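Trainee: I am new to this structure and would like to go through it slowly, one part after another. Could we begin with the charged side chains and then move on to other features?

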Amino acid sequence: MNKKIACIFFLVFAVFSLFAEGPESKKVFALDPLTDGLLLGTGILLTGGNLILSDMMEINRKKYEEHPYSKSEVNAFDRKFIQPYSKIHDGAADFLLIASAVTPVALLSTDKEEWFTNGVMYIETLLIANGLKETLKLAVNRTRPYMYSGSDNLPESDLNDGEWAKSFPSGHTTIAFASATFLTYTFCRYFPDSPWRIPLSIGSYALATGVAALRVSSGSHFLSDVLVGAAIGSAVGFLVPFLHTLNTKNDMSVAVTGNGLSFTVKF
């Protein structure tokens with residue numbers, strides 16, 4: 001995940017944590033040392049490992065060599081949606097991704113005792129979703145569609161750092177749909193009768209869909225890239241909190257109190 005996006009998310013979450021007051025909500029999810037150790041470990045291993053392999057060791061990084069790319073090399077399904085690079089659409093996708101990534105702050109409407117659990121689950125979701133898409137990018141090395149557009153307007157930064165050959169899957173879309181699914185599933189479990197369920201679900205998925213559309217219209221991704229990214233993100237966004245519904249016997253939690261933090265472990 002983009003470092004700027006991660007910093008903004010945690011800043012917003014921290015600010016809301018200081019001032020938000022949540023109503024009483026039922027206990028739905030529980031942390032477990034084994035499950036969360038495995039999830040966090042997997043996320044850190046995937047994200048950290050790919051950071052080392054791709055950015056530090058430059059494993060499987062393609063160097064840009066100027067030569068013609070023909071649309072005929074692209075499958076018929078993706079060929080129809082090839083667009084030249086658009087810096088405006090690319091920037092708009094970044095903005096919507098930030099907005100999408102911070103939508104789970106709506107979970108601060110739960111009881112304060114749930115904040116730590118939700119925060120841990122969301123961090124696990126982002127780490128695993130990011131790690132999976134980075135692993136695929138490293139392994140597949142698919143050329144981005146703007147290379148086939150016939151336009152000379154290409155992002156120099158992508159050409160210099162090898163991003164031009166990391167089209168599959170769409171990382172923006174993966175993170176956006178992971179956030180949307182995480183928020184929708186957890187909020188609906190906490191508040192099954194809330195009138196905000198539908199607006200929050202529609203809003204979060206609208207943002208994620210907007211991110212996907214802009215990634216295609218910016219020339220940065222094929223349609224199949226964003227479809228796979230949406231599938232990966234949605235799966236992780238659902239599975240991570242779902243696994244925490246199985247941990248109700250072993251509950252590890254941190255509660256915000258008037259005197260500070262209260263740490264509790266139940267077996």
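Trainee: Which residue forms a salt bridge with K27, and how far apart are the closest N and O atoms?
Mentor: A salt bridge here is a side-chain nitrogen of Lys or Arg within 4 Å of a carboxyl oxygen of Asp or Glu. By that rule K27 pairs with E114, and the closest N and O atoms are separated by 3.5 Å.

Trainee: Before we go on, what kind of model is this, and what pLDDT do local features need?
Mentor: Residues are numbered from 1 along each chain as its sequence is written, and side-chain values use heavy atoms, with hydrogens and water left out. This is a predicted model, in which totals for chains, interfaces and linings use all residues, while side-chain atom pairs count only at pLDDT 80 or more and local features need pLDDT of at least 70.

Trainee: How many residues apart in sequence are the parts that K27 and E114 tie together?
Mentor: Helices are DSSP runs of H or I with at least four residues, numbered from the N terminus. K27 lies in the loop between α1 (3-19) and α2, whereas E114 lies in the loop between α4 (87-101) and α5 (115-140), so the pair ties together parts whose separation in sequence is 87 residues.

Trainee: Is E114 buried or exposed, and what is its relative accessible area?
Mentor: Buried means under 20% relative accessible area and exposed means over 50%, with partly exposed in between, using a 1.4 Å probe and protein chains only. K27 counts as partly exposed because its relative accessibility is 42%. E114, by contrast, is buried, with a relative accessible area of 2%.

Trainee: What is the positive phi of E58, a residue that is not a glycine?
Mentor: E58 sits in the loop between α2 and α3 (76-79), and its relative accessibility of 44% makes it partly exposed. Although E58 is not a glycine, its phi is positive, at about 55°.

Trainee: Which residues make the nonpolar surface patch of about 470 Å²?
Mentor: A patch of this kind joins nonpolar side chains (Val, Leu, Ile, Met, Phe, Trp, Tyr) within 5 Å, whereas like charges are joined within 9 Å, and its residues have over 30% relative accessible area and no salt bridge. Areas come from the Shrake-Rupley method with a 1.4 Å probe. M56, found in helix α2 (residues 33-56), counts as exposed at 64% relative accessibility. The patch covers about 470 Å² and is made by I52, L53, M56, M57 and I59.

Trainee: K166 is buried yet has no salt bridge; how far away is the nearest side chain of opposite charge?
Mentor: K166 is placed in the loop between α6 (156-161) and α7 (171-190). Lys and Arg count as positive and Asp and Glu as negative, while His and the chain ends are not counted. For K166 the nearest side chain of opposite charge is E163, at a distance of 4.0 Å.

Trainee: What is the omega of the cis peptide bond that joins F168 and P169?
Mentor: P169 is found in the loop between α6 and α7. The cis bond linking F168 to P169 has an omega of about -10°.

Trainee: How many of the 20 residues of α7 are buried?
Mentor: The expected span of a helix is 1.5 Å times one less than its number of residues, and α7 reaches 28 Å from its first C-alpha to its last, close to the expected 28 Å. A180 lies in helix α7 and is buried, with a relative accessible area of 0%. The helix α7 is mostly covered, and its count of buried residues is 18.

How values were computed:
Helix = DSSP H or I, 4+ residues; strand = E, 2+ residues; numbered from the N terminus.
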